[in-house]
Amino acid sequence: MPSDLSGQLGSVFDSFFSSAIVQLVLYSIVIYLFVVWLAAAYWAFRDMHDRTENPALPYVAAAIILVATPFLFVLGVVVYRVIRPAERLGEVYERNLAEEALLAEVEAIKTCRGCDRRVDDEWIICPWCRSRLNRVCPNCERLVGLDWTLCAWCGKDFERPVAIDRAVAGSTLGIPTAEGIGRALPSGGTAGTITNRKPAIGG
Ligand SMILES: [Zn+2]
Ligand SMILES: [Zn+2]
């Protein structure tokens, strides 16, 4: 009986697989897998090409899919997706640009050296801690940086001796020497009293 049964089953399978329609379907599935396998390899090649500047890695990516054969290539795609670089080159470039822009923005915000509060570019003294931020050129009366060695606006040389400078300026306004930088004020002679006083508010 068992041999009869297996014989019957065998003939059923034979007739099933020899059926033209079933064979067509099987061939179609094989061709479909083959095409998708090759397409997946090409996709991996293109995808890696977008993610690395190394010219060899796209071929390695395609090889991973090809080695996985038409029947296991889905596994190859999963492996590739796990090990591939997370970002595309375009995304890396955009992120770098955004970071640089943010950094430039942060650097452009001027803060007081004394109290780290935000201060305006054109202030000469921090209103909170009374640190000197800028000074005024005694020659042209425009704002100049504390560390400038001469005035960028009028060319006045700040490195010259104080005595000569005073004589030229004809007053004690904004004495532009290293020692004078901390004390000098654009107008009046009250620099010492201002910078020596403790901050009235804030810290
Ligand atoms: Zn300050
Ligand atoms: Zn000047």
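How close do the axes of helix α2 and helix α4 come, and at what angle do they cross? Some notes on that and a few other spots.

1. Ground rules: this is a predicted model, where local features need pLDDT of at least 70, side-chain atom pairs count only at pLDDT 80 or more, and totals for chains, interfaces and linings use all residues. Residues are numbered from 1 along each chain as its sequence is written, with chains lettered from A and ligands numbered from 1 in the order in which they are written.

2. The order along the sequence is α-α-α-α-α-β-β-α-α-α.

3. Back to the opening pair: the axes of α2 (residues 20-51) and α4 (residues 69-83) come within 9 Å and cross at roughly 20°. Axes here are lines fitted to C-alpha atoms over the stretch in contact, with angles from 0 to 180 degrees between N-to-C directions. The two helices are therefore roughly parallel (angles under 35 degrees).

4. Who touches whom? On the α2 side it's Leu33, Phe34, Trp37, Ala40 and Ala44, meeting Pro70, Phe71, Phe73, Val77 and Tyr80 of α4 (contact means C-beta atoms, placed from the backbone, within 7 Å).

5. Arg130 sits in the loop between α5 (89-108) and β1 (134-136), Glu141 in the loop between β1 and β2 (143-145).

Key: Helix = DSSP H or I, 4+ residues; strand = E, 2+ residues; numbered from the N terminus. Parallel < 35°, antiparallel > 145°, perpendicular 65-115°, else oblique. Contact = placed C-beta atoms within 7 Å.
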